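Hi everyone, thanks for coming.

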Protein chains: 4
Amino acid sequence: MTLRFAILGAGRIGQVHARAVAGTPGAKLTAIADPVAKAAEAVQAAYGCDIRSIDAILASTDVDAVVICTPTDTHADLIERFTAAGKAVFCEKPVDLSLARVKACLATVSANKGKVMVGFNRRFDPDFMAVKAAIDAGTIGDVEMVTITSRDPGAPPADYITRSGGIFRDMTIHDFDMARWLLGEEVESVFASASVLTDKKIGELGDFDSANVILRTASGKQAIITNTRRATYGYDQRIEVLGSKAMVQAENHGTNRVVVADAAGFHAAPLLNFFMTRYIAAYANEIAAFVASVNGGTALPTTTHDGLMALALAEAALKSVAEGRAVKVTEVL
Amino acid sequence: MTLRFAILGAGRIGQVHARAVAGTPGAKLTAIADPVAKAAEAVQAAYGCDIRSIDAILASTDVDAVVICTPTDTHADLIERFTAAGKAVFCEKPVDLSLARVKACLATVSANKGKVMVGFNRRFDPDFMAVKAAIDAGTIGDVEMVTITSRDPGAPPADYITRSGGIFRDMTIHDFDMARWLLGEEVESVFASASVLTDKKIGELGDFDSANVILRTASGKQAIITNTRRATYGYDQRIEVLGSKAMVQAENHGTNRVVVADAAGFHAAPLLNFFMTRYIAAYANEIAAFVASVNGGTALPTTTHDGLMALALAEAALKSVAEGRAVKVTEVL
Amino acid sequence: MTLRFAILGAGRIGQVHARAVAGTPGAKLTAIADPVAKAAEAVQAAYGCDIRSIDAILASTDVDAVVICTPTDTHADLIERFTAAGKAVFCEKPVDLSLARVKACLATVSANKGKVMVGFNRRFDPDFMAVKAAIDAGTIGDVEMVTITSRDPGAPPADYITRSGGIFRDMTIHDFDMARWLLGEEVESVFASASVLTDKKIGELGDFDSANVILRTASGKQAIITNTRRATYGYDQRIEVLGSKAMVQAENHGTNRVVVADAAGFHAAPLLNFFMTRYIAAYANEIAAFVASVNGGTALPTTTHDGLMALALAEAALKSVAEGRAVKVTEVL
Amino acid sequence: MTLRFAILGAGRIGQVHARAVAGTPGAKLTAIADPVAKAAEAVQAAYGCDIRSIDAILASTDVDAVVICTPTDTHADLIERFTAAGKAVFCEKPVDLSLARVKACLATVSANKGKVMVGFNRRFDPDFMAVKAAIDAGTIGDVEMVTITSRDPGAPPADYITRSGGIFRDMTIHDFDMARWLLGEEVESVFASASVLTDKKIGELGDFDSANVILRTASGKQAIITNTRRATYGYDQRIEVLGSKAMVQAENHGTNRVVVADAAGFHAAPLLNFFMTRYIAAYANEIAAFVASVNGGTALPTTTHDGLMALALAEAALKSVAEGRAVKVTEVL
């Protein structure tokens, strides 16, 4: 069986998913939708698919699944409409910036018996999968501490920040999901400390650019997340898990493996500088996993519940910053 | 302008090139030829091209260029026929196992004013390109010593070895080309030392599995090549160039970037185990370079002359092993 | 001028300092004191110094300086007595487990115009000195985030834990000092999260074995400290400082630089497993710095004020764990 | 039993050995000899030993062993005289620059039933010992190829080169010994290729500054040695041994473990720049091994036979360079 896709939104991330769908055996890109004609045409030209409106796609009998890459404030509505129409849905994170809206959406999905996967791409990175596999195989024993270093090369534009929901909902949300996945136990409390250090304008927009978070489970396992919007040396994405028997870590990816050695020392290339380059395999793998789940009728690997929980951790982090104390997740859920 | 390709031979390497052609902007895969129907059909299914005979391709007006991936003993003939037909030719190495035949082929290509690129894929590996760029930029000063470590994970099957021309013509030939490229000066003499250490059968077939070679230019620059047919830890492909001002090295590629640390120490993954995985980017880059050259009317980056010279070094190496002395390249050319 | 030393206490750390003093040009080991005769005799045998009582050393005119390596609860008294006697004092951390006692001791030292250096040895580790030098040279721009990973290979014996003042006063205190040193700005608030994960007995003793701390300065710079009492792969001591222009990190020290590569991957040695091996150069350097300061009449590089501040951070951390909130340092000082 | 040492020669290497002897349990530095009074006095001042003439040391009943650190052309004579006097002898390499003289010396040592250890310090480097231990433990299976990269940061002064016997007898001799030790089988033939690339003056003195050597045993095992007198990035000392089951390698030692990452990439320190810093542990270990052997009555770990064989490989290498062919070791012995 071939899963026939439409992609809603032909922006940067829509193009990433178009490429992934086109390259996935068992998947076919049938249509693209975007109000910006040029964007849709570019995808059409590259992959030979139709251009249709979202409403047309909703009514299309030759579309089995959609990938939602539209602006965040449309996600929940589209999830509800497309699951009601019986389409399988892959939705870019987040489901919504409002917890209440996410909960309502989940209820609708449940009523629709919808299949919805939320795009936490990092779970599909080959290195992070190897980390998780080592944990699951018992290689490191009991998980005790998860350390996530997640630093962007540079801040997004001001208008993106304004719409993003802030650093915790936009950037840390990936790390919250990673932490939940790797801890293997739900987070009970969140402490977060956030600053504006790289650019005053980010503060003027009500956001932060530098943050550290400590997550804690009921049994005392902990995760530390460290974020910044400016790492001059590239996109810094490291994960380390300390267990009772061993430690496992995923190291960074440089732009190449070349070293120059001179009188000043040894010089290697900076890191891959962009999430699309760094996570190119992850984006392909997550679409392949979605196809395999939908075609195979198995449970989706990441769900709207995961989307809800990651957003709840972001809410708790914001409350923690405001109140200077550890916040229980139950306080915000 | 779009360069329309046919691929001659749908075996392992033919499939690699089909993928590269299909993924290269400005290139189009028009036809595939292979006497094994299943092999040709697999390529057709994957990329939607025609299946044609080699003779039909020779006569096709909708084919501008061919990639020769047929058995080695057909290469020289096909180069001659397709250049005579005015097609641009990309030919897998080697042109032929006989120096005399290669020379004759070169003369025909020249008479045909043919465009022929020989597939020394490693020159297009992003890391090795960065090494070369560092040399060309003057970063390391004058090149003094080139060190190439090139070890296969395991030996090919006996029947391949029999047809291969032996380790120097089959395996070291890539390193000979690398050495010429990086030394920036023609090799004057070759000393080679070869043994059978991993498998007696290789010796019974008249071949070697372990070899070291010292190349030397007129000005005294040297290159050392070390080969083996068995590296248990993966496909070991390292290059190091020592210059008067600095040293530059390209390190190996592991299968992932994950490290497990326990009481026994730190454990990282073995190397990528296969030339197609290790050099996947190189294969894409070389086809892109071929397309750019043919479309742009510029000089091809690797030529039949390069094929000739690498084979001459292999011949000199064989003579050196037999006679226990450094052999001048002029003795075999 | 040669600085004549007596060492008070011939235990494990006393022996480290005896060796450092004996090996420091400009320093001479004159006497050792220890109630355990065998311990004192071992030092005497190794370095040819006298064995004297602490009272005798206090009265000795041929002793210019003392290194206090006695049990923690004697430190403050000895500092007061020896500064009153005009001796220069090098005291192992901590000055005392009680902030009030430390403050009283500082007042006495001040009244005595005493010279007292507190042994924060890590400031004298060559790698950490290089990190600090990079900061001071402006190489990384403004300091934004300090990350300290500090993990012991295994927990100390129960009786040591009982007397130690707990993980924050005993182990994290080194990291608190490092953080203050590297942040370049006083810490304003402390959040700490501590668990018992490696050994229930540690919890029964009222202590923790796993802790994460976020420190924050007035301008929003942050430091993260992560501690555990069990790292199976050795003594894990990493420091990383993110600045506006660059990041600088000090990597771990393996027991050797040998790698074995086989079909399972690449295997390197575990880390140096003991603070005395890992910091052997630091111990030598700190005594040399003390000698240089006392002989040269310059300011001591680490002072009782540093001891006080590190202890205050430990107190704040304990209060934070108890109350689940960020604690201002002014609340405990 | 304490082994009482005299050191003959208080130059650079004499000082290294004085320090090693002084720091070795079971050893005592009794006397130093040097015609340059200042040099001898410096050692006396540092370690409190006597200054005596060589003749006086020969007659001293309180001296059990000598370390010969005098100019090369005196080594063989001193070995003969001191073994005749019943002293244990540790002699810096080489025994002599003439093979005939070395053979004669060996005969005398044998007649004297002398105990003579030749200072191939690298065998006592902790990393190289770990490499050898891995081989001896069967970790890598059968040894197939040994690769030794040995590059000096800079050339010695012209007058040293003149007296040194040339690059093969002076520098490569260490690598020849390493290769013999690691191959575990005697070398049968030598091919060497040498150039002058870093400094014409070295060529004018009749020496080379860049060399590659292939050694080969009867069973076809091979060792490759690559030398240069100029490595701008420090003292490059790497060893790699490929076996049938695994590969083992000893990596370089940087001056520190600090990395700075900025927009240009990751920057680590250059290598330790001097043989005394790089091999400080090896020098201490070799004296300790000498003391243990002499005191324990066991076989010395490196012998005059090892000195003879390493020199024979150097002779064969020189002959190979002159004649452009592989030279059998039996041709020069």
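I'll start with a single chain and then move on to how the chains relate and touch.

One thing to keep in mind throughout: this is a predicted model.

So, chain A. It contains 12 helices and 15 strands. If you draw a box along the principal axes, the C-alpha atoms fill roughly 60 × 55 × 45 Å. How does the radius of gyration of chain A sit against a compact globule? With 333 residues, such a globule would come out near 20 Å, and chain A has 20 Å, so the two agree.

Looking inside, 58% of the 333 residues in chain A are buried. The contacts also reach across the sequence: take those in chain A between residues at least 6 apart, and 69% of them join residues at least 24 apart.

Now for the symmetry. Chain C superposes on chain B by a rotation of 180° with 0.0 Å of shift along the axis, at an RMSD of 0.0 Å. That is the relation of a two-fold axis. Which residue of chain C comes closest to that rotation axis? It's His267(C), with its C-alpha at 2.3 Å. And because 100% of the interface residues of chain C are also interface residues in chain B, the copies meet through the same surface.

Last stop, chain C against chain A. Here 29 residues of chain C are in contact with 29 residues of chain A. On the chain C side, the elements giving two or more residues are strands S7 (143-151), S8 (187-195), S9 (210-217) and S10 (222-228). By class, that side has 12 nonpolar, 13 polar and four charged residues.

That's my tour, and I'm happy to take questions.

Note on methods. Residues numbered from 1 in each chain as written. Chains lettered and ligands numbered in written order. Predicted model: local features only at pLDDT ≥ 70, side-chain atom pairs only at ≥ 80, totals over all residues. Helix = DSSP H or I, 4+ residues; strand = E, 2+ residues; numbered from the N terminus. Rg over C-alpha atoms; globule rule 2.2 N^0.38 Å. Buried ≥ 20, exposed ≤ 12 C-beta atoms within 10 Å, placed from the backbone. Contact = placed C-beta atoms within 7 Å. Least-squares fit on C-alpha atoms with pLDDT ≥ 70 in both. Nonpolar A, V, L, I, M, F, W, Y, C, P; charged D, E, K, R; others polar.
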